Structures are given as structure tokens and as C-alpha cells.
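Okay, thanks for having me.

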Amino acid sequence: MKKVVAILLAGVLMLGASVTAFAAPSPSATSNTASITATSETGTVTISSTYDTEEEKAAAEALAADPSSTLESVVGASAASDMVLKDVFDVSVDGYESGDVTVTFAVSGVDSSSTVIVFHYTDGAWHQEDASLGSGTITVTFSDLSPVAIYVDSTTASAAGSSSSSSSSSSSSTTTSPATGEAPLMAGIFAVIAIAADGMVISRKRMYA
């Protein structure tokens, strides 16, 4: 009987050790960020946060860290009023070598009534580019390819944010899945403890009978 009790107690310890692994919550998080895509008749357009030089990377990071100051330094405080940074990124086009290249960006919330400012980092500084607006599009012709920053007015930014959050509210939240396996394991542990206790009682009774 002592051997049986020892085996049962060993089983309790093993089950107890496994509870931590099975009962730990499994976090699952997905983020929904408004992405800008682009097309060009020249070739496939790639938008990324990978820059060709350290200078371009530093310029993009500085703009992202303080978009208002950078905007005002180029267009002035009046034109910069009520503008919001949509994104800053690098642009490359397959097959492009040199000369002018036209790129159309798909930007949620933009229409012909929007106010949009497009910056292009070239010759060591940010420059404003002319842009044509359509329904959800911004078309710009660049003299070369390098980092681009897009600003939109706050009304356009709000419209884009509302559309994005309403269409994918479930994917933008962080959820924690329930701890699976915890209840069955705990029930098993208590059952084994009960059996072990009964065995110990019986053993003691036999000893003193």
C-alpha cells in the first residue's frame, strides 16, 4: 500500500507541474494600421521603411518624430495649420532608372476636396511636390525616387480613421484566449489527492488493527 500511495503522490506532483504550462494564458494581438499602396505605369511600386542611405533614414525619422516642425519649415505655419502626417516612407519602382516617374498613391479618406501636402526628400532636404487628388488617390510626378511624406487635413485624417476602425474593429483589438486544459487538470489533481488520502487512511488503519 505504501508503494501505491507513493506512486499516487508522484502523479500529483507531475500534474501540478504541468498546470503552469497548460493554464498560462495565450495572448493573441493583431494590429490594424492604415497602409498606403501605390501604382505606376513604369513598374511595380514598393513602399517600405527601408531607406537607401543613412541620411534618408535619419531625415525620415526626424520628420516622423516632429512632423509639424518639419512641415512648417517648408510650407510655413499658415499652410501647415490643421495638417496631419499620414505616413512617411521610401518609394521604389521596378524598372525605373532616371527621369520623371509618376506614382499614384491609394490613400483612404482622400477626395478632391481634401487638402494634401506631399513632401519628397531630395538634394538633402524636404521639398513639396505638386499633387493631383482623386477619390482615394494622390498622384505625384517625381524627378527621382527617395523618401516621401504625405500630410492630409484633419478632416480627411478623421474620415480615414473612422472608416478603418469601423471596418476592422475586431482585428485591431488585443484579445487573450481562455486558458485551456486548466479545469480538467485541476479536477484530476484533486481526484488523485483524494485517492492518495484514502490509501493513507486505509494503510494507517491496517497498521493499528
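This is a predicted model: local features need pLDDT of at least 70, side-chain atom pairs count only at pLDDT 80 or more; totals for chains, interfaces and linings use all residues.

We've got 4 strands here in an open sheet, and if you read across, the order is 2-5-9-8, with antiparallel pairing. At the edges sit strand 2, residues 37-39, and strand 8, residues 132-134, each of them pairing on one side only. On average, neighbouring strands in this sheet are turned by 25° against each other, ignoring direction. If you want a spot to look at, find L133: opposite it, in strand 9, is I138.

Now over to M83, which is in strand 4, residues 83-93. Is M83 buried or exposed? It's buried, because its relative accessible area is 12%, and the cut-off for buried is under 20%. Setting aside neighbours within four places in sequence, M83 has contacts that include L71, I117, Y151 and D153. T115 is another of its contacts; the two C-alpha atoms are 8.1 Å apart, although 32 residues separate them along the chain.

That brings me to D153, over in strand 10, residues 148-153. Here's a charged side chain that's buried and has no salt bridge. The nearest side chain of opposite charge is K86, and that's 11 Å away. What does the D153 side chain reach at 2.8 Å? The backbone nitrogen of T115. A polar atom of that D153 side chain also lies 3.2 Å from the backbone nitrogen of T155. And among the residues D153 touches, beyond four places in sequence, are D82 and S114.

Notes: Residues are numbered from 1 along each chain as its sequence is written. Side-chain values use heavy atoms; hydrogens and water are left out. Two strands pair if DSSP finds at least two bridges between them. Helices (H or I, at least four residues) and strands (E, at least two) are DSSP runs, numbered from the N terminus. Axes are lines fitted to C-alpha atoms, for helices over the stretch in contact, and angles run from 0 to 180 degrees between N-to-C directions. Buried means under 20% relative accessible area, exposed over 50%, partly exposed in between (1.4 Å probe, protein chains only). Contact means heavy atoms within 4.5 Å. Lys and Arg count as positive and Asp and Glu as negative; His and the chain ends are not counted. A salt bridge is a side-chain nitrogen of Lys or Arg within 4 Å of a carboxyl oxygen of Asp or Glu. A polar contact is a pair of N or O atoms within 3.5 Å; within protein, one must be able to donate a hydrogen and the other to accept it, and residues adjacent in sequence count only if both atoms are side-chain atoms.
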